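Dear colleague,

Please find below the sequence and structure that I am handing over to you.

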Amino acid sequence: MLRNLFSIETLIPFLLRLPCVLIAISVHESAHGLAAEKMGDPTARLSGRITMNPLKHFDLWGTLCLVFFGFGWANPVPINARNFKEPKKGMALSALAGPVSNLLLALTGVLLYRITMKIFLLTGVLVAEGASLYFAITGFRQTLTNVFLDFEYIFISLNVGYAVFNMIPCPPLDGSRIFLFFLPEETYFKIMRYERYIMIAFFALLYIGLLDKPLSIACGGVEIALEWLVDRIPFLRI
């Protein structure tokens with residue numbers, strides 16, 4: 001069992017996921033802070049949280065979940081709603097900025113993946129036969145090329161997973177701040193009283209696997225949508 005855990009097949013995906021996670025959480029949390037700052041709240045900036053230094057955003061369990069399962073969280077950026085002219089709107093928009101930033105990263109990843117594939121086809125690294133693609137190289141060069149493509153794919157899927165997970169309308173995830181924006185203030189504050197209990201129930205559902213299929217379907221749909229967008233660029237179609 002230990003041999004399988006530390007095998008090359010297990011170790012390489014883990015090592016590839018780690019930088020993807022660090023980029024995803026740093027951009028996500030910085031986007032929250034930047035959005036809040038644009039709307040009048042400098043708390044994140046003053047706390048040193050608008051940064052690409054992942055140690056500033058690190059949450060042990062959330063990062064481990066991201067690395068191993070593709071869904072997780074970071075240490076939340078501090079936001080003071082009192083600094084917003086419209087607190088509910090400010091909280092909703094600053095919350096939305098995080099998932100949107102990950103979707104933009106995922107879209108960038110799809111663009112880079114397609115460009116990479118085009119370069120490999122033009123240089124003869126890959127050969128197209130009908131609807132299939134084959135490597136025209138072997139040995140170490142093929143392994144290195146596979147690792148590079150795997151990194152791009154992991155970067156895309158992890159950012160999509162992070163965005164989708166955080167859009168779930170359950171406290172304390174970003175989606176709850178967006179969802180609560182559409183509720184009357186009285187209902188909003190009633191729900192917020194039970195935030196901790198809702199969170200425990202949510203993670204219990206996640207732990208027993210009841211959310212696995214819905215999350216997988218949602219992530220697949222988002223990835224298809226991103227592929228469709230990139231397909232609108234004629235020279236990137238494969």
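**Salt bridges**

Arg45 is partly exposed, with a relative accessible area of 41%. Here, buried means under 20% relative accessible area, exposed means over 50%, and partly exposed lies in between (1.4 Å probe, protein chains only). Glu37 is likewise partly exposed, at 27%. Glu37 and Arg45 form a salt bridge, with their closest N and O atoms 3.1 Å apart. A salt bridge is a side-chain nitrogen of Lys or Arg within 4 Å of a carboxyl oxygen of Asp or Glu. In general, side chains of opposite charge can pair when their charged atoms come close.

Please note that this is a predicted model, in which local features need pLDDT of at least 70 and side-chain atom pairs count only at pLDDT 80 or more, while totals for chains, interfaces and linings use all residues. Residues are numbered from 1 along each chain as its sequence is written, and side-chain values use heavy atoms, with hydrogens and water left out.

The count comes to three salt bridges. Glu227 meets Arg114 at 2.6 Å, N to O. Glu227 lies in helix H10 (residues 212-231) and Arg114 in helix H5 (residues 87-122), so this pair ties together parts that are 113 residues apart in sequence. Helices (H or I, at least four residues) and strands (E, at least two) are DSSP runs, numbered from the N terminus. Glu227 is partly exposed at 31%, whereas Arg114 is buried at 8%. Asp231 also forms a salt bridge with Arg114, at 2.9 Å, N to O. This second pair links helix H10 and helix H5 across 117 residues. Asp231 counts as partly exposed, at 22% relative accessibility.

Asp174 is located in helix H7 (residues 174-181). Asp174 is buried yet has no salt bridge, and the nearest side chain of opposite charge, Arg177, is 6.4 Å away. For charge, Lys and Arg count as positive and Asp and Glu as negative; His and the chain ends are not counted. Leaving aside neighbours within four places in sequence, Asp174 is in contact (heavy atoms within 4.5 Å) with His28, His32, Ala95, Pro99 and Asn166.

**Cysteines**

How many disulfides are there? The count is zero, where a disulfide is a pair of cysteine sulfur atoms within 2.5 Å. For Cys20, the closest cysteine sulfur is that of Cys219, 15 Å away and too far for a bond. Cys20 is buried at 0% relative accessibility, and Cys170 is buried at 7%.

**Strands and overall fold**

The protein chain has ten helices and two strands, in the order α-α-α-α-α-β-β-α-α-α-α-α. Strand E1 (residues 126-129) and strand E2 (residues 132-135) pair in the antiparallel sense over four bridges; two strands pair if DSSP finds at least two bridges between them. Ala128 has Leu133 in E2 as its bridge partner. The hairpin of E1 and E2 has two residues between the strands, and Gly130 takes a positive phi near 70° there.

The C-alpha trace spans about 65 × 45 × 35 Å along its principal axes. Of the 238 residues, 39% count as buried. Among contacts between residues at least 6 apart in sequence, 70% join residues at least 24 apart.

With kind regards
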